[in-house]
Amino acid sequence: MAIQKEIWERAIVEGLFASNSFLSKAFNADGYVEAGKIVHIPQAGAASKVVKNRTTLPATVKQRNDTDVTFELNKFTTDPVLIDDAEKVELSYDKRESVLRQDKLGLYDSVAEDFLFNWSPESSRVIETTGEAADAYTPSATGKRKAITKADVMTLMTKFNKENIPQEGRYLLLDAVMYSQLLNSLTENENSAFLASADAQNGIIGKLFSFNVMMRSRAALYTTAKAPKAWSASGAATDLAAALAWHDQSVCRALGQVKAFEQEKAPDYYGDIYSFLVRAGGRIMRSDNAGVMALVGAATE
């Protein structure tokens, strides 16, 4: 029997940017997707100059120069998977449902890590951690890195405050190790207050210095030159784990085509073949990267 492709496609759409995912804490650019592949977001130019008690007339007339944020959605596809005809009869569980569910989760993870790379700012927007030395833990990394502390989060807050980034809508994504390090830097009372401010329904594990803190197994990744690095790249001994801080209107995300494919009773494979395709992408909204910072684990000497 054929799969209900519409149901699987809808499940991917609903799960990809679910409310408890960090991916949902961004400007939704779905309405600006063209042909399912390209995103065009109009950006308003600078506001008109305000003059107090104007004495010179006529006033100079100027036009507002609007710009356009444009980026192409990446295409994510799963490897086609074969469900042997005999397996559908012999196995005591529905392998097809199990395989497709696992592939869907794999898609989520690949898309999420691509967004982390696209949202990671350049070196001028990097702050280094200042805690005690701890073992490096990213794949292939060696040596020691300074742990994250509450003082580092306060530094992020100060930077956002200076740039007039709104208090509401700030997020900080930590990896599992950084989360433990942060908790260790809090006093007992601070720890209790932090955990009490959690909002599990929206994926918030606590609030600290104006940031809604979220956590996943791994967050951003940087090179020793403080440049963003994709998790799909080969690991290096000098890689640096990083947390990502942003305002929800400083980054955007968009979803394009979502398709489920199937070929039943493939005669050359003696079974059914399935695969998924998702087009998704995102970027930092402003050219100056305001409202986005990376907190990178500093290498010790």
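## Burial and the model

A residue is called buried here when its relative accessible area is under 20%. The model is predicted.

## Aromatic pairs

By the ring-pairing rule, the count comes to seven aromatic pairs. One of them joins Phe22 and Trp246, edge-to-face, at 6.4 Å centre to centre with 70° between the planes. Phe22 lies in the loop between helix 1 (5–16) and strand 1 (27–28) and Trp246 in strand 14 (residues 240–247), so this pair ties together parts 224 residues apart in sequence. Phe22 and Trp246 are buried.

Phe160 and Phe211 have ring centres 5.2 Å apart and planes at 70°, so they too form an edge-to-face pair. Phe160 belongs to helix 4 (residues 150–162) and Phe211 to strand 12, and the pair links parts of the chain 51 residues apart. Both of these residues are buried. Elsewhere, ring pairs link Phe22, Phe115, Trp119, Tyr171 and Trp246 into a cluster.

## Nonpolar cores

The largest nonpolar core has 43 residues, and those with the most contacts inside it are Phe22, Trp119, Tyr222, Trp246 and Val278. Helix 3 (residues 95–119) gives the most to this core, with nine residues. Another core, of 22 residues, lies apart from it and includes Phe160, Leu174, Leu183 and Ala243.

Leaving out residues up to four places away in sequence, Tyr222 touches, among others, Pro121, Val126, Leu240 and Val296.

## Strand 12 and its partners

Four of the five residues of strand 12 (residues 211–215) are buried, so the strand is largely enclosed by the rest of the structure. Strand 10 (residues 170–174) runs parallel to strand 12 and is joined to it by four bridges. Strand 11 (residues 206–208) pairs with strand 12 in the antiparallel sense, over three bridges.

Val213 in strand 12 is the bridge partner of Leu172 and also of Gly206. The hairpin of strand 11 and strand 12 has two residues between the strands, and in it Phe209 takes a positive phi near 50°.

Helix 5 (residues 176–185) has Met178, Tyr179, Gln181, Leu182 and Leu183 as its buried residues.

Glu113 is placed in helix 3. Why does Glu113 count as buried? Its relative accessible area is 12%, and the cut-off is under 20%. Aside from neighbours within four places in sequence, Glu113 is in contact with Arg216, Arg218 and Trp231.

Key: Residues are numbered from 1 along each chain as its sequence is written. This is a predicted model: local features need pLDDT of at least 70, side-chain atom pairs count only at pLDDT 80 or more; totals for chains, interfaces and linings use all residues. Side-chain values use heavy atoms; hydrogens and water are left out. Buried means under 20% relative accessible area, exposed over 50%, partly exposed in between (1.4 Å probe, protein chains only). Two strands pair if DSSP finds at least two bridges between them. A nonpolar core is a set of buried Ala, Val, Leu, Ile, Met, Phe, Trp, Tyr and Cys residues joined through side-chain atoms within 4.5 Å. Contact means heavy atoms within 4.5 Å. Rings of Phe, Tyr and Trp (its six-membered ring) pair if their centres lie within 6.5 Å; planes under 30 degrees apart count as stacked, over 60 as edge-to-face and the rest as tilted.
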